[in-house]
Structures are given as C-alpha cells and as structure tokens.
Amino acid sequence: MLARVRRRLVISSCTARTLHVSTARQRQPFDPSAVERISEDVDVCIVGGGPAGLSAAIRLKQLEQERGKDFRIVVLEKGAEVGSHILSGAVIEPRALNELLPGWSSRPDHPLKQPATSSTMKFLTSSLAVPIPHPPQMNNDGNYIASLSRFTSWLGTIAEEMGVEVYPGFAGAGIVYSDDGKGVLGVCTNEVGLDKNFHMKETFEPGMEFRAKVTLIAEGAHGSLSKELINKFDLRCDADPQTYGIGLKEVWRVDPSQYRPGEVVHTMGWPLDWKTYGGGWVYHMADGLVSLGLVIGLDYANPWLSPYNELQRMKHHPYFSRLLSGSSTRIAYGARALNEGGLQAVPRVHFPGGALIGCSAGFVNIAKIKGTHNAMKSGMLAAEAAADALCRTNEETTVSEPASSRLSDMSAYEKSLKDSWVWSDLHEVRNIRASFNTPLGIWGGIAYSGIDSLFLKGRTPWTFRNVSRMSDAAHTLPASLCKRITYPPPQPPLSTDLLTSLTLTGTNHAEDQPIHLRVRANGVEDAAVRRDHVQRNVGEYAGLLGRACPAGVYEYVDDERTSAVEEGKSEGWGGKKLVINSQNCIHCKLCDIKVPTQDITWTVPEGGGGPKYTIT
C-alpha cells in the first residue's frame, strides 16, 4: 500500500511538471540539456524487478527492521508489470529463498507447487532419444519446476507488502554521475512522449532522476546500464568477456496421457550439429503444463543458423512429437539471452556508489542450468553491504563534503560474495562451459565436462581462460565458409511461423516513439553507418540478424531506390536496406550480442513496452 501511495504522489507531481511544455513546443526537437527533471532522493535505487533486485529489496527491508532504521527503497522495472519481462526454464533451487524467506512454503500464495521428481538426460539423433548419464550437478532433488515470471511477480508482492516502492513501467535509461564523473549518484528514467524523430508530442513528459546513496543494477543479462558501467569503470579488466546463450521457450498444455508432473529432461545433440554448443529441455510443471525449449550458445559460427527454426525443427523429433500429440495446445512463447561465461567472466561487481547484482554480473551455473538461486543470493549480499554503507554514511558524512567523497563504498559486497556459497557453486563448474572453446573442441569439451563433473569437481590447478578475449560475435564466420541450412516449412500445430509465435508473447510498443535499437558506430548514427552495416552484414554474413532474431525484428529487404549512383548517399547497399521492426522486440538482447559488426545498441524503449509474459 505504501508503494502505491508514493507512486501516485510521484506521478501526480510528474503530471504537474508537464504544464511548462507549451503547445508551440510539442513537436519541437527534444533537447535533453533544456529539460528540467524531477529528482527524487532515495536511499537505495534498484534497477530491475527480477529475482536479484527484489531479493535485495526484501533483504534491505528486513535489515531496516532489525536495525531500527528507515530505508527508502525504490525498484524500477521496465516491464508493464513485475514479472512481465521474465523468462527462464525454470527449475528453481530454493537455497537462497530458504535463507531470505524461511517460512515461504507456509504462504498459501507461493508459486512453487511442483517439486521435481526425476531428472534424466537424452542424446538425440534425428530419430532416436538415447538415455545417457547426467552430471551430478543436474540432480534436482529438492528443487521446484515453476514459471519464473510468476515467481518474480510473487516476490514483487512480498516486497510491496514490506514497504518497498516498486514502480513497473519505469525504465532505467541513464546513469546520474557525480560532477567529477568518478561515481554514480543514481539513475534517470527515459522520456515519455517522444515521436520517432525525437520530437516532443502532446503527451511529452521528461524522465525522472532517482538520486540514491546506493544504486544496484539488476537488469539481467547484457543490460544497457550494466554495459555502460562495466565500460566506464573498467570492471572487466581482470575478467574474461562474457559469453552468452539464447534460450527459446514454449509452454504447452499437454494431453493428459503425456503429462508426468515433476519430470525433468535435458537433451543434447540433434537438431544442432556437432560444431554448435547447446541443448534442449522438457520440464513438466504443475497444472498439466510443460515447459520446453532450446538453448544455443551465441558463439555459434554458422550465420545461416536460425535459433527459432532450430526449436521448431526439434519439436518434430519423435520424442517431442509424441509429447505434444493428442489434445496438446501451445499457450506461450518467448526468448532471452543468458550468461554462460561462468566464474571467469564475472566482472568486478562494485563501483563508486553502487554494484552489479544477479545476471547483470553473471552468476549462472551452466552445469546445473540454473542461476536464480545465485542471483537472489547476490542481491541479498549486496543488500547487507548497502545497509552497512547507509549506516556508515549517515554517521560519517558532513554537509560540507563534496558529492564524490560521499559515494557509498560497496567493496564489502564483493568480499562477501567471494566468501559465499555462490562463489564455490561457480568455482566447481568453472571449466565445464569453457572447455568447449579450447582446442579440445565440442567432442573434447563433452569428454572433459564428463570427467570434471563426475570426478574432478573443479579441484584442478588450472582454469580455462578466454586468452584471446574473443566475443561471441567474433566467432561468426563469413557465410561463404559455412554450409547453408535449409529449414522445413512449419507444420501447424506442432510448428508455426515466427509471427504466429510472436503473438503469444503479448509484445507491444508504441509505434510512434524513437526506435530503441540503434545502428551506431563509435557514437555515430547516420546513413553511412547504416550503409556500412548493410554492406558487411549482407555481403559477408548473409543478413545474419534476419534469421538470428527470435522476434522478427530485423529484415534486409529490397531497396529499389538504391542504384550505383545513389549508393553514396543511401542507407542501403547492393539493392538491400535494413528495416528494424522495433515493435516486435521481446528484449532478448541477441542482436546487441551477436551482430558481427557490433553496431547494434539495445536501449530501453518507453517504460511498459515489450513482452507481457505471465507463464514463462
């Protein structure tokens, strides 16, 4: 209730601020330097209402009660509702939840209704599903199969009950730095009411500043603010580049004859070739639902590969077609990038004035195929360090001190993280994913992973490092060096075209707003940059993004206006131009990670836009 009341106060004041925008200026170009922003002072601002951010908020409120303090905690969530941008498999290890909310199972509204009852692994050929041993880390005794979207929504309800101000529809768009640029004083939300040409509409409202003593970044994998902070403060100086996978998921209500509640199955092999890292899953959730999907490492080399079509093809394997037979109906689809770099790719997690938590830092245990437990624990540890910093700041700071000297020191968070079970969880499996990018290759990686997970358990003097600092994008080969992949046409209802699947995401963006997917090179956005993008991505990589994007955002279409004479001034090249259907974007971040030219920058759209996941 407190959060809702405060939110109404903020919005009402924001509405009052719009009175200074005259009719004459409504379609004038937007000038950020001329805008007066409302500023809210808070103790802790958390960007991202996922498991990590909400766990941090809840833990802070617990510490507030324990210490007799009063902390103002704000969570900014870009989704229209808490949980609406959350997607995962998901089998949840409740270790962190047990620590955060020991009595969670006694709450009648909790969403962890289906315990995992069995765990198996299968190697798929084009027609067979051969049982194989699974690593002990994939044992799911005591774990729960659930929708992470629903789980996150539930955590959001608890946070609000405890007095956390949770603001869905508010996207953290920029960092507020100290005057000397050496620290973080908070974040600002993006402007609302700009048209696609960055002109102010009648509904224009400037973004707000949330100035915080501690800023926690919990955006998830490859968030825009995380990227900025990692680069500005060189947080990755001692860490490997992060590597990612793209996870594509569907939820089906299966025929009762195929439903086996609590069954967990992981697959490897077909439909992926032996050069491509990845695998599938089938999780039998509560209420007759089955989560299934495919994760593909974004270090794949062949630009002809289509993650979406690989998932559709996988469902025609006899194992999947039998599972989805009878009265089975698909009810959800979605996709999201996930961290795969492991311990070697975790950056320094603190900066002057704040910290990275959850998948903004990257705590996924790839051997377990789980990260929620580590994300939550990191949020809890950051909350404890933040509470100590707040108490210390209140006791030691004087009014005369400059802002840069009052920046909260969150270095204690990194120390506690390294002393926690999160670090040991990741240390044990640090070489498993990394072994696939060594001279051992895919088959050698499989063999090494089996030996390490079964016998060595990470107790080795070596750690595989990405010494070349090669990104996922750099692994992409020119199309001329790769075999073209021809995918069969969809066969409804088992497989469908991409746009049919996209309707199940509930994705929506206001069409007359700036495109949040920027074609940008060295800070420049112009026709020459777009032309160079088309030339390289079409000419060398056969228009990779047109196949790789799991939401049909990117198209390289015929540009009849482009002639040899016009090419010097056109955005197109070779008779092709790039079309960005940004209204389709499901915020998976694949484009920003995988485009070979590294000239696509994902930024936040107007708050509330994007997918509306409810069961993913």
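The second largest cavity in this predicted model has a lining made of 11 nonpolar residues, no polar ones and one charged one. You can pick out the residues around this cavity yourself: they are Leu517, Cys549, Ala551, Val553, Tyr554, Cys585, Ile586, Cys588, Lys589, Leu590, Cys591 and Trp602. The space inside the second largest cavity comes to about 70 Å³. Count up the cavities of 30 Å³ or more, and the structure has two.

The largest pocket has a volume of about 890 Å³. Its lining takes in 38 residues, and the ones closest to the pocket's centre are Met121, Met268, Tyr277, Gly278 and Phe436. Which elements give two or more residues to this lining? They are the strands β5 (118-124), β15 (263-269) and β16 (278-284), along with the helix α11 (441-456). Helix α11 gives the most, with seven residues. Sorted by class, the lining of the largest pocket has 24 nonpolar residues, 12 polar ones and two charged ones.

While you have α11 in view, look for Ile451, which sits in that helix. Together with Leu454 and Phe455, Ile451 makes a nonpolar surface patch of about 310 Å². Is Ile451 buried, exposed or partly exposed? It has a relative accessible area of 43%, so it counts as partly exposed.

Next up are the salt bridges, and the count comes to 29 of them. The side chains of Glu40 and Arg72 meet in a salt bridge, at 3.0 Å from N to O. Glu40 lies in strand β1 (residues 39-47), while Arg72 is in the loop between α2 (51-67) and β2 (73-77), so this pair ties together parts that are 32 residues apart in sequence. Both Glu40 and Arg72 are buried.

Glu165 forms a salt bridge with Arg72, and here the closest N and O atoms are 2.6 Å apart. Because Glu165 lies in strand β8 (residues 165-168) and Arg72 in the loop between α2 and β2, this pair ties together parts that are 93 residues apart in sequence. Like Arg72, Glu165 is buried.

Then there's a pair elsewhere: Glu99 and Lys377, whose side chains meet in a salt bridge of 2.7 Å, N to O. Glu99 is in helix α3 (residues 95-100) and Lys377 in helix α8 (residues 372-396), so the pair links distant parts of the chain, 278 residues apart. The two ends of this bridge have their own labels. Glu99 is partly exposed, with a relative accessible area of 36%, whereas Lys377 counts as buried at 11%. Going back to Arg72, salt bridges that share partners join Glu40, Arg72 and Glu165 into one network.

Gly48 is in the loop between β1 and α2, and it is buried, with a relative accessible area of 10%. Along the chain, Gly48 and Val82 are 34 residues apart, and their C-alpha atoms are separated by 9.2 Å. Now try Asp238, in the loop between α5 (224-232) and β14 (244-253). Asp238 is exposed, with a relative accessible area of 68%. Asp238 and Ala473 are 235 residues apart in sequence and 21 Å apart in space, C-alpha to C-alpha.

Finally, take a look at the backbone. Which residues does a cis peptide bond join, with omega of about -10°? That bond is between Gly89 and Ala90, and Ala90 is found in the loop between β2 and β3 (91-92). A cis peptide bond also joins Trp270 and Pro271, with omega of about 10°. Pro271 belongs to the loop between β15 and β16.

There are positive phi angles to find as well. Arg469 is not a glycine, yet its phi is positive, at about 55°. You'll find Arg469 in the loop between α11 and α12 (498-502), where it counts as partly exposed at 43% relative accessibility. Ala542 is not a glycine either, and it has a positive phi of about 55°. Its place is the loop between α13 (527-539) and α14 (544-548).

How values were computed. Residues numbered from 1 in each chain as written. Predicted model: local features only at pLDDT ≥ 70, side-chain atom pairs only at ≥ 80, totals over all residues. Heavy atoms only, no water. 1 Å grid on protein atoms, 1.4 Å probe; cavity = no way out; pocket = protein on both sides within 12 Å on 5 of 7 lines; lining within 4 Å. Points joined across faces, edges and corners; volume = space filled by probe spheres on them. Helix = DSSP H or I, 4+ residues; strand = E, 2+ residues; numbered from the N terminus. Nonpolar A, V, L, I, M, F, W, Y, C, P; charged D, E, K, R; others polar. Patch = residues over 30% accessible without salt bridge, like charges linked within 9 Å, V, L, I, M, F, W, Y side chains within 5 Å. Areas by Shrake-Rupley, 256 points an atom, 1.4 Å probe, with all protein chains shown as cover. Salt bridge = Lys/Arg side-chain N within 4 Å of Asp/Glu carboxyl O. Buried < 20%, exposed > 50% of the residue type's maximum accessible area, 1.4 Å probe, protein only.
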